[in-house]
Every structure is written in structure tokens, then in C-alpha cells.
Number of protein chains: 2
Amino acid sequence: MIKVTVMYSNTPGARFDHAYYRDRHMPLVKTRMGENCKYYTVDKGLTGGTPDAPAPYIAMCHIFCESIEAFQSGFGPHAQELLADIPKYTDLSPVIQISEVVVG
Amino acid sequence: MIKVTVMYSNTPGARFDHAYYRDRHMPLVKTRMGENCKYYTVDKGLTGGTPDAPAPYIAMCHIFCESIEAFQSGFGPHAQELLADIPKYTDLSPVIQISEVVVG
């Protein structure tokens, strides 16, 4: 199993609509990817390592797939539509990481 | 529910023992935190957003707790022991984020 982690840096002044991300964007990703996306999770940044430190990322999602190939098969054909949805909830460009799920 | 995400930057030349992290450090964290840690997950960085881009983080873990207070209650009394274990698997200093679990 792999996960694709999408991270939005907590940049002062940046726009991020958490409700749209939770209620519209991520369900759209799941609908388009179908079974190639096993499930996904969404995080909203609260703080850094101490209560007064800002969260490094304002939001993250994690898309769980059987393999990198499954992710590409699910996301690739819909990439244009899904990427075009990003400006509806943020003006940030995400940082992306693909990881092996070592402990799931 | 909240999650504490611990991220180790993928710094060229840095040391990271994934086996120790998976088999020794994270189980120690869970043992010491007890029920204050509901569960945890571990990721090993593979790539960035494209196959030829490096992963931003060489490894991450996510510690799931009912609340920030539960994390502090579980981790705080053992912080010295748990932080002293870090040099056994890496010479990196982690980036830490506490997030609200919006979709779990």
C-alpha cells in the first residue's frame, strides 16, 4: 500500500477553504479515482510542536492506493479536471509526497 | 480526534534507520503512551509528486489521540526517554504538526 500525501504550506495571507476541500474537492477526487483510491483522510493544521508555534501545513490529505500504478491509473485520466478545481479552495500550490505505508 | 505528525526532512547525507523506527522506536512510543495513543501509522518516503523528484520527507509518523490533552498526558511524562531514543535511528530533527482529523 502507498499513500499520496498532499500538503499545503501554512503561508501567512494564503486562502484555504477547509469546507470546500472536505465537502467538495476530496469527494470529487474519490469519485473520479473510484476503487483506485481505497480511502483518503484529511487533516486541518492546528499548531506546530508547541501550542504557540504555527502548523507547518494549513491542510493535508492522504490518498491510499494499492500501488503507485493504481494511483496513476485513477488520477491520471482526471488530472486536468482535479487540478483545475484547486483554485476554488486555495491559492497555494501543494507539496506532494508518495510514501510506502510501513505501518497502516 | 487529533493527530500528531512527525516529519523527517529528506536531507542528502542524513542517517535514518527505518527498521529501528518501525520495530523499536514507534512501538516504544505506543507502549509508553498507552491508551492516550489510539493508534499510529508510519510512512517511508518514496518520491515527490513525479517519479524523479525526491520525497520531501524520508519518513513520517502520525500519532492519533482523542485530544491534544490526551497526547500531552501520554507523551509528556515520557518525553525525556522518547526524545533520547531519536539519535538511535537518525541525526535529523523532526518537523512536528498537530492537526484536527477532519476525515479519518
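1. Val42(B) stands opposite Cys61(B), a residue of S3(B). The model under review is a predicted one. The strands concerned are S2(B) and strand S3 of chain B (residues 57-65), which run antiparallel and are joined by six bridges.

2. Val42(B) also has a partner across the chain boundary: this residue of S2(B) is the bridge partner of Val103(A). The pairing to which S4(A) and strand S2 of chain B (residues 39-47) contribute is antiparallel and extends over five bridges. Along S2(B), Lys44(B) is the residue that stands opposite Glu100(A).

3. A further pairing between the chains involves S2(A) and strand S4 of chain B (residues 95-103), again in the antiparallel sense and over five bridges. Here Val42(A) has Val103(B), in S4(B), as its bridge partner.

4. Within chain A, S4(A) is joined to S1(A) by six bridges, and these two strands run antiparallel.

5. The extent of the interface may be stated as follows. In chain A, 31 residues are in contact with chain B, where 31 residues take part. The two chains bury about 2600 Å² between them, and carbon and sulfur atoms account for 59% of this area. Of the area that chain A buries against chain B, 20% is supplied by Leu46(A), Gln97(A) and Val103(A), more than any other three residues supply.

6. Which elements give two or more residues to the side of chain A that touches chain B? They are the chain A strands S1 (2-9), S2 (39-47), S3 (57-65) and S4 (95-103). S4(A) gives the most, with nine residues. By class, this side of chain A comprises 16 nonpolar, 10 polar and five charged residues.

7. The count of salt bridges between chain A and chain B is two. In one of them, the side chain of Lys3(B) meets that of Asp43(A), at 3.1 Å from N to O.

8. Over all chains, the whole structure holds 18 aromatic pairs. Among them is the pair of Phe16(A) and Tyr89(A), with ring centres 5.5 Å apart; their planes stand at 70 degrees, so the pair is edge-to-face. The two residues belong to distant parts of the chain, being 73 residues apart. Phe16(A) lies in the loop between S1 and helix H1 (18-33) of chain A, whereas Tyr89(A) lies in the loop between helix H3 (79-84) and S4 of chain A.

Note on methods:
Residues are numbered from 1 along each chain as its sequence is written. Chains are lettered from A and ligands numbered from 1 in the order in which they are written. This is a predicted model: local features need pLDDT of at least 70, side-chain atom pairs count only at pLDDT 80 or more; totals for chains, interfaces and linings use all residues. Side-chain values use heavy atoms; hydrogens and water are left out. Contact means heavy atoms within 4.5 Å. Buried area is the accessible area (1.4 Å probe) that two parts lose on being put together, summed over both. A salt bridge is a side-chain nitrogen of Lys or Arg within 4 Å of a carboxyl oxygen of Asp or Glu. Helices (H or I, at least four residues) and strands (E, at least two) are DSSP runs, numbered from the N terminus. Ala, Val, Leu, Ile, Met, Phe, Trp, Tyr, Cys and Pro count as nonpolar, Asp, Glu, Lys and Arg as charged, and the others, Gly among them, as polar. Two strands pair if DSSP finds at least two bridges between them. Rings of Phe, Tyr and Trp (its six-membered ring) pair if their centres lie within 6.5 Å; planes under 30 degrees apart count as stacked, over 60 as edge-to-face and the rest as tilted.
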